[in-house]
Amino acid sequence: EKLNAGVDDKDRSYLGYTILCRFDAPDGTPHIFASKMLFGEAESDYIDMPVKVYVAGDNYKDYHVDIRDLGIYE
């Protein structure tokens, strides 16, 4: 079954995307960070591209994903 653009398999509408980043801490713990919601559709494939993520000390829940180096401006 083909999905309509902007609607997922549960008929929920969406208007954009987020960029997910993974960091494996020195102890082996993986951390996933998400950018803010970006409107529209991704114009490029960003897989394996480096992204800066700023973290507040050791608190991996307080972070900011800096996507400017990808050519995307919020």
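Leu70 counts as buried, because its relative accessibility of 13% falls under the 20% cut-off. This residue belongs to a predicted model of a protein chain of 74 residues, 23% of which are buried. The secondary structure of the chain comprises six strands and zero helices.

**Leu70 and its surroundings**

- Leu70 is located in the segment that follows strand S6, which spans residues 59-66.
- Leaving aside residues up to four places away in sequence, Leu70 is in contact with Ile19, Tyr46, Met49, Pro50 and Val51.
- One of these contacts is Pro50; Leu70 and Pro50 are 20 residues apart along the chain, and their C-alpha atoms are separated by 8.5 Å.

**The chain as a whole**

- Along the sequence, the elements of the protein chain follow the pattern β-β-β-β-β-β.
- Of the contacts between residues at least 6 apart in sequence, 32% join residues at least 24 apart.
- The protein chain has an accessible surface of about 6,200 Å², and carbon and sulfur atoms account for 50% of this area.

**Aromatic rings**

- The protein chain contains three aromatic pairs.
- In the pair of Phe33 and Tyr63, the ring centres are 4.8 Å apart and the planes meet at 65°; the pair is therefore edge-to-face, as the angle is over 60 degrees.
- This pair links distant parts of the chain, since Phe33 lies in strand S3 (residues 30-34) and Tyr63 in strand S6, 30 residues apart.
- The two partners can also be described by their accessibility: Phe33 is buried, because its relative accessible area is 3%, whereas Tyr63 counts as partly exposed, because its relative accessibility is 31%.
- Ring pairs join Phe33 and Tyr63 with Phe23 and Tyr60 into a cluster.

- Leu15, Met37 and Phe39 make a nonpolar surface patch of about 400 Å².
- Phe39, one of the residues of this patch, lies in strand S4, which consists of residues 38-39.
- Phe39 counts as exposed because its relative accessibility is 67%, over the cut-off of 50%.

Definitions and conventions
Residues numbered from 1 in each chain as written. Predicted model: local features only at pLDDT ≥ 70, side-chain atom pairs only at ≥ 80, totals over all residues. Heavy atoms only, no water. Helix = DSSP H or I, 4+ residues; strand = E, 2+ residues; numbered from the N terminus. Buried < 20%, exposed > 50% of the residue type's maximum accessible area, 1.4 Å probe, protein only. Contact = heavy atoms within 4.5 Å. Patch = residues over 30% accessible without salt bridge, like charges linked within 9 Å, V, L, I, M, F, W, Y side chains within 5 Å. Areas by Shrake-Rupley, 256 points an atom, 1.4 Å probe, with all protein chains shown as cover. Salt bridge = Lys/Arg side-chain N within 4 Å of Asp/Glu carboxyl O. Phe/Tyr/Trp six-rings, centres within 6.5 Å; stacked < 30°, edge-to-face > 60°.
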